[in-house]
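Start with the structure itself.

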Amino acid sequence: MGSECEVSEFLGQNPETAAWLERVRGECESDKWWQHRREFILRNLRDVCGEGEIPPLPETNHKELDRLLAYSMAWANHVFTGCRYPLPVMEKVLKMAENIKVTDAPTHTTRDELVAKVKKRGISSSNEGVEEEPCKKQKSTEDHGARKTSNVNDRVENRNQPSDTMESSSGKICDGNIPSTSLNKREVHSNAAQRTDTNTEFYEKSGNRRPLPVTKAKSSLNLPKEAGYKHDAAQERKSHSVKGPSQSSDNAFKPTRRFTSEDTKERQPFFNRLYKTVAWKLVSAGGFNANLNHEELLNSCIESLKATLDIAFVPLKDLADLPQNKTSQENIVCELRCKSVYLGMGCGKTKETAKAVASREAVKLFLKKKVVVRICRRKYNGRDVEDLVLYDEESRPVNLPPAIRNPQELV
Amino acid sequence: MGVPAFFRWLSRKYPSIIVHSVEEKPKECNNIKIPVDTTKPNPNEVEFDNLYLDMNGIIHPCTHPEDKPAPKNEDEMMVAIFEYIDRLFNIVRPRRLLYMAIDGVAPRAKMNQQRSRRFRASKEGVESSEEKQRIREEVLSKGGYLPPEEVKERFDSNCITPGTEFMDNLAKCLRYYIADRLNNDPGWKNLTVILSDASVPGEGEHKIMDYIRRQRAQPHHDPNTHHCLCGADADLIMLGLATHEPYFTIIREEFKPNKPKPCGLCGQFGHEIKECQGMPREKKGEHDEFADTPPGCEQEFIFIRLNVLREYLEKELTMASLPFQFDFERSVDDWVFMCFFVGNDFLPHLPSLEIREGAIDRLVNIYKNVVHKTGGYLTDSGFVNLERVQMIMLAVGEVEDNIFKKRKEDDEHFKRRQKERKKRMKAEHQKPSFVTSGQFAPRALGQGSCSVPEAINNPRQEAYRMRMQNAHSVDNASPNTGQKRKAEGSDSEPEPEDNIRLWEEGWKQRYYKNKFDVDASDEKFRRKVVQSYVEGLCWVLRYYYQGCASWKWFFPFHYAPFASDFENISCLFKEFEKGTKPFKPLEQLMGVFPAASGNFLPESWRRLMNDPDSSIIDFYPDDFAIDLNGKKFAWQGVALLPFVDERRLRAALEEVYPDLTPDETRRNSLGGDSIFVGESHPLNDFIHELYRANTTEATQIPPELCHGIQGKVQLEEDPILPNKIIESPVPLLRDLSQNFAISIKFEDPEYEDGYIFKAVVLQGAKKPAPTLKPGDWEKSNQDRSWRPQLGFNQNRKPVHLDSSAFRTLGHTLPQTRGPRGGGHYSNAPPPGSYNPVNTYRMPNRSAALPSLMQNNRPQGSWSNRPPLYNQPPQRNFGPMQNPHPAFMNQQMGQRGPSNYYQRYGGDLNRQGYNQGRNYQAPPPSGRYHRN
């Protein structure tokens, strides 16, 4: 929010610029969108005119100004309405939008994703299992292209947001780095996660606690089949078109840490044990009920397994895009994690109540037959990030509330 | 109008407005086609004066048809268009005027819709050709056979937009076509033809309306002209009503759902591209006589009689004891206006008004309740009284909450039913579909005392019991499959999450937050949306009644506000900006095309669409979000495309204007209408004289020469002149060496600024004879029963079959018409259902008698048809009680309004699907969005 203050302060000092700005505002732009686009324009105004000068009026059809307006619109369309532009344009506008913080951009499903979803359904039903061979082959080439693309993603994002890492696409799916979530992607992730789980389970049974290289190979062979289907033509196109620029500057920026099936696999055994511990504890406490001290229960179980329960608090107002059913009087949010895996979240008037709610939510996870670590997409600071989340086996991926801390930094 | 459901709703509520066309087919003798003599009286028993063609409704199905293989090249497309017009001409046989209007540059308000269609079409085109390629390779690799790929470019339907070379070419071809017919077809001899090509700004149907409006406002217009307008859009009905002409008929293709489509790869019917296996073609019919088209699949035409619709509306809208004088014409205008709330091309429809939920009926009811308070009509000649509209809107707003709740309930109900039905179908497939029981129960031969079959007591009752039992056992069977339910539920696709939840408290806040990304507290923004919507309503109504009020105005949001937001709207609209100009054709192309269709534009213009340094790059996203907005398919959703900033577009184009070639400059200019007449038309000499005298200024047409048509004519640069050879633009067709037709530029009569076209019935107009049954028929005609009128002619003689015909029918259709079984009105189960002979014969019958069945369908549906499970057998006989129109159509060849129901057609598996909400198979005509 700091940048906004900056903007309004600047405008307070430069009333002419403020008046000028109102003339380039779209007639039907909402305050929120305009506020961000205004910042975009101001930050890049020096492309149009010198410092301190009054920029040319829009009626003069000033070429540079029109270009800036076009970029600002492209950026706003991308962030707020889910449009996607050709890669050079995307790179350019995201670079120009450096340091602009958008906390609560809406999410959208683009047309290509929607169509891909339908197609995927159609194909997988008709010839699943028949064509494993070609799929595997296909995968190896795709993976190649995909990795490159995601590097570009990273590069763009790194420039965009040097402080925090974001948008680590799973490595299989790549798209022109939209900050908005797509249902499609989320589905892919959960699928991938599920597959991994079955693998881990298998190896656990056979006495292998630690994931072995064999497991890795196995899972990466298994995954592509899934991923191959997801890869619709559009995405393929994308990955091809992307190759060019990515080669030139592959090493310019360090790639972001990205969660993989390894991360979930690594943690799954721990949570299997935690599951047992909690279950026994619950049995001895006479079953789950609202009067238990869930926090204590959870904490003691985790400590008995030589791990710690990470508790984080944040005032509610800092999480702008929380679901609306939270009332305003509950003003502290508590997030519980263990081994950087998200367990639950709670809201309350005080830290204590928030913590109690959060732990109750977390304990509820252990009431089903099994718990599973999955990679999930969620919001952090208005952008999409990946996070490790603990699920009970039956629940489907739901819309998670935004994370309090950057999951990437916790690992 | 973007409401395909509107026509369905209308034709179901007011069935008598539909009349099937009677078409005389050209005969063939020794391989020579004998054209139909269109000078003969119209076989539809009505004579039309003017035929107006909304050409885009013709161009789309002719260039990329969905029910037959696509034409190979542009020439074939042109010929297809000519043939289509010939066919229409043959049905309608206009005697005075043929008006052809191709869509020109549309008002800005339409641009958003055009953009979204073109952006989608471009993507769909690429996807489908990729898919085709993929499956093609797959089929070939599996050893299937596919006809070799023709060398043809993928036809990008986006080229059907004013300003492209294709449209330019089309205009040339149509000029040739008109000249040819004027010279060679006797039916065209005295006809005046007006062609308004794509260079004339305005949508086709609105150019037609403008013409009618301007003609009927001049004194020479014949108030009893019988107009016939061709086009499939539902808004033509509104436009026709808006003219207040007493004789107005619309002709359109009959919409048949589930029409078989040929496979895009091998061209055969019966499967989709996805299932293509490259199998050799099967012989169709005994001598392969149905090779090209499955029988009965030719598209037929229907008439929509607006004067009958007016009769219906008069019955419905007439209100007694009004505080002011009731004027039917004004209430029709109000009805038209209210239909706009439900959907039109220029505004998104209000979230609470869904045509499938009877929104128009609801509006009419509210209207009737409120009109007592409003003290007058909502509209006057296309001008809206906002205070009164506000009362209607707020009345809708009061029930909005309930509508959403009801919608949710219905939706859940529907889903439940669907699920149960699925389950039932499954259960039925697992066991014999029908086992007789009781006295009819099957018994093993030679067992017990039953070696001699007993006589059956009281067969009718026994059959009844059996039937009831059968229905019962189905219900019982369903819980048994309950175990499976879980698996079924999980493999059905997950519904997209609805986070608006209009049925729950706080829906308004959520709607604004989700759709507009603003807080509900942002009163200013909400007000802005409402204001734009109000402006939109005014603009649309004006557009229908007076012509385009502002070329610049558009609705700048993707969603509509709620009806309950229309508070204090009377101050929200004053007047539109005057003197706005339409875009030039190429400018509009820049506004509606995605970058992928840039090939229709000059090189330097195209660069503006994909150069990262372009100052309008934000108009051309690669991919865009689609909000399904409660719908199921991507093409039904709302495309969240950015709006075009007109100033920046014009500024960017300024720089590339010098790059246009002379030909492109010509294509980019706005043109005018042309009028064409043949040799014997009285106007021919007049025009010829103008050319001879080389008159430069515009000249008034003497109205008496041309059935009262008025307007000015001006010499054309490259006219069609008598004795001038007209070169054929299509290599398939010959040049016209002997031409006597003539063409000249035509301008509609001008009216001074601010002239208001009155929405009234003209003086001298005769009221058409009533078609509907009068409300007091029983009172005044106690002895006679009412005979509904089926065609145009009131005194049509019903056709009777003589006794020999009955004998023939009885011979070929034994079980329905035969002498056995005690007549077909008998209530007892007919013997046919027990008689194995008949069961075996059924499939044969359909093959042997194709000519007896008017609505023949591919035989597949017959042979696939499972035995009559679950349906009490006798219900399939005896047409009096038959609830199954599809079956009836086949057996009886019956034609009538029932053809409109979606129930028609489809095999039994789909037959029951609800024609209501949610389950919407893409209508076959869905692609033909005009403009």
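Which residue of chain A forms a salt bridge with B:R647, and how far apart are the closest N and O atoms? The partner is A:D66, and the closest N and O atoms are 3.0 Å apart. Keep in mind that this is a predicted model.

**Interface between the chains**

That pair belongs to a wider contact. In chain A, 48 residues are in contact with 43 residues of chain B. The size of an interface is often given as the accessible area lost when the parts come together. Here the buried area is about 4,000 Å². Carbon and sulfur atoms give 52% of that area. Five salt bridges are counted between chain A and chain B.

**Salt bridges overall**

Over all chains, a search of the whole structure finds 68 salt bridges. One of them joins A:R84 and A:E113, with the closest N and O atoms 3.4 Å apart. This pair links distant parts of the chain, 29 residues apart. A:R84 sits in the loop between α4 (63-81) and α5 (87-96) of chain A. A:E113 lies in helix α6 (residues 111-127) of chain A.

**Helix packing**

Two packed helices are described by the angle between their axes and the distance between the axes.

| Helix pair | Angle between axes | Axis distance |
|---|---|---|
| α10(B) and α11(B) | roughly 135 degrees | within 9 Å |
| α7(B) and α8(B) | about 80 degrees | 10 Å |
| α4(A) and α5(A) | about 95 degrees | 9 Å |

Take chain B, with α10 (residues 359-374) and α11 (residues 386-430). Their axes cross at roughly 135 degrees, which makes α10(B) oblique to α11(B). The crossing is right-handed. On the α10(B) side, the contact uses B:R362, B:L363, B:I366, B:Y367, B:V370, B:K373 and B:T374. Facing them in α11(B) are B:R388, B:M391, B:I392, B:A395, B:V396, B:V399 and B:I403. By class, the contact residues of α10(B) and α11(B) are 10 nonpolar, one polar and three charged.

Next come α7 (residues 235-243) and α8 (residues 306-317) of chain B. Their angle is about 80 degrees, so α7(B) and α8(B) are roughly perpendicular to each other. From α7(B), B:I237, B:G240 and B:L241 take part. They meet B:L306, B:L309, B:R310 and B:L313 in α8(B). Five of the residues in this contact are nonpolar, one is polar and one is charged.

In chain A, how are α4(A) and α5(A) oriented to each other? They pack at about 95 degrees, and α4(A) and α5(A) are therefore roughly perpendicular. A:L68, A:Y71, A:A74, A:W75 and A:H78 of α4(A) meet A:M90, A:K92, A:V93, A:L94 and A:M96 of α5(A). The contact of α4(A) with α5(A) has eight nonpolar residues, one polar and one charged.

Note on methods. Residues are numbered from 1 along each chain as its sequence is written. Chains are lettered from A and ligands numbered from 1 in the order in which they are written. This is a predicted model: local features need pLDDT of at least 70, side-chain atom pairs count only at pLDDT 80 or more; totals for chains, interfaces and linings use all residues. Side-chain values use heavy atoms; hydrogens and water are left out. Axes are lines fitted to C-alpha atoms, for helices over the stretch in contact, and angles run from 0 to 180 degrees between N-to-C directions. Helices (H or I, at least four residues) and strands (E, at least two) are DSSP runs, numbered from the N terminus. Angles under 35 degrees count as roughly parallel, over 145 as roughly antiparallel, 65 to 115 as roughly perpendicular and the rest as oblique. A crossing is left-handed if the near helix is turned anticlockwise from the far one by less than a right angle, and right-handed if clockwise. Contact means heavy atoms within 4.5 Å. Ala, Val, Leu, Ile, Met, Phe, Trp, Tyr, Cys and Pro count as nonpolar, Asp, Glu, Lys and Arg as charged, and the others, Gly among them, as polar. Buried area is the accessible area (1.4 Å probe) that two parts lose on being put together, summed over both. A salt bridge is a side-chain nitrogen of Lys or Arg within 4 Å of a carboxyl oxygen of Asp or Glu.
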